[in-house]
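Q: Could you take me through this model, starting with how to read the accessibility of one residue?

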Amino acid sequence: MEQGIKALTEFLDSSPSVYHAVDNLSQMLKNAGYTCLSEADDWNLEPGGNYYLIRGGSALIAFRIPRTAPRGFLMSASHADRPCFKVKENGELAGTYTRLATEKYGGMLIAPWLDRPLSIAGRVLVETQTGVEARLLNIDRDLLLIPNVAIHMNRGANDGFAWNPAVDTLPLLGGKDAKGKLSALLEREAGGKILGHDLYLYVRQKAAVWGLDEEFISSAALDDLACVWGCARGFLNAQDSADIPVLCVFDSEEVGSNSVQGAASMFLETTLERICSSLKLSLPRMLAQSFMISADNAHALHPNHPEYADPANAPVLNGGVVLKFNAAQRYTTDGLSAALFRKVCARAGVPVQTYFNRADMPGGSTLGHISLSHVSVPTADIGLPQLAMHSSYETAGTTDAVALEKVMSAYYGCAPVMDSSGFVL
Ligand code: CO
């Protein structure tokens, strides 16, 4: 297996929740010599310094200060959360069997969650001598499963079945007398009394590389951990830029980004303000020379359903990184940001594909659209082409995943000079 893909699969397999993904990024940055800042402290940023900060355990911003006076910010944004099921409080439901109470987090395809081993991961707030400590938790074994109803009892199962998340998707956890055993297991794993939790179900199936020429990769959460990974690797591997490279990874994208650690929060804006005030720079002047890449996966042409794609703008797996357009600006790319992104891709030697929704089909939205309301800079909406978006197990192309790393490395090493008539790069 190609080295870059192997590293990606390891990242995916060790990130069963948004908290684990951000913790893995934090380790990568720490290993690369980055200093972890606290939002509650004074910041004395040094030229040549490398920094990052984490909010809520599930969002992260990293940046580098150049040795010479910077002109702008080179930013990227991706998201580390995924559609899944969240574990409720008082979750153990007693009865003939013990089941777990859950609710939907985000808009997922439900069917792929059934009939496969699942487990629980996330963060727990554990009582200590002096207060409460947030800890990561992953029950690293096959623990529960959502069983289908047999076709004999649900003859309509293959004719467009409507799932009821209060009934059909409650996972089976144990026998009649198992109630209470899960909370005991969680507290044992957590190492103390749990006073609060953000725990989610995840599928146990590991990432796989497959296809006649190993051209496909499948995993949970490719949307958007593949972009998180490509952006982070590109950020770390880039040459020095005259501008300030900024890596943003947000939580809560799948539920509208409205949280303390989502793209609709003040996290990015406040961080940029604090960088400027520490370095005695003008934020408006910096923003006038700044650029954002919003990296979130795109729909590839489906092998069995090409009719869902726009005929002229249908990206394929392993055809290169995707530039996403939407006239209503749900995707933020415009002519200028498209041109800049194409220049960067050419520099990286990576082909660019384009995506429009079919004009009679509404599409999704992305982070760029949301973060623009706080930090208004030209933004290219990009992503890796993938199939089965929001399935519990998604599919993408192996060469695309490696290509994104190259593009982001070229991007973070450049320093575009922009004005209203265009840019110099
Ligand atoms: Co996404």
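A: Accessibility is sorted by relative accessible area: buried is under 20%, exposed over 50%, and partly exposed in between (1.4 Å probe, protein chains only). Lys193 has 47% relative accessibility, so Lys193 counts as partly exposed. This is a predicted model, in which local features need pLDDT of at least 70, side-chain atom pairs count only at pLDDT 80 or more, and totals for chains, interfaces and linings use all residues. Residues are numbered from 1 along each chain as its sequence is written, and side-chain values use heavy atoms, with hydrogens and water left out.

Q: Where is Lys193 found, and which residues does Lys193 touch?
A: Helices (H or I, at least four residues) and strands (E, at least two) are DSSP runs, numbered from the N terminus. Lys193 sits in the loop between helix 3 (181-190) and strand 10 (194-203). Contact means heavy atoms within 4.5 Å; leaving out residues up to four places away in sequence, Lys193 touches Leu125, Val126, Glu127 and Glu187.

Q: Which atoms coordinate the cobalt ion?
A: Donors are N, O and S atoms within 2.8 Å of the metal (3.2 Å for Na, K and Ca); water is not among the atoms, so sites may look incomplete. Here the donors are His79 (NE2), Asp223 (OD), Asp296 (OD) and Asp296 (OD), at 2.0 to 2.7 Å. Asp223 lies in helix 4 (residues 222-237) and Asp296 in the loop between strand 14 (291-295) and strand 15 (298-299), so the pair ties together parts 73 residues apart in sequence.

Q: Are Asp223 and Asp296 buried or exposed?
A: Asp223 is buried, at 2% relative accessibility, and Asp296 is buried, with a relative accessible area of 4%.
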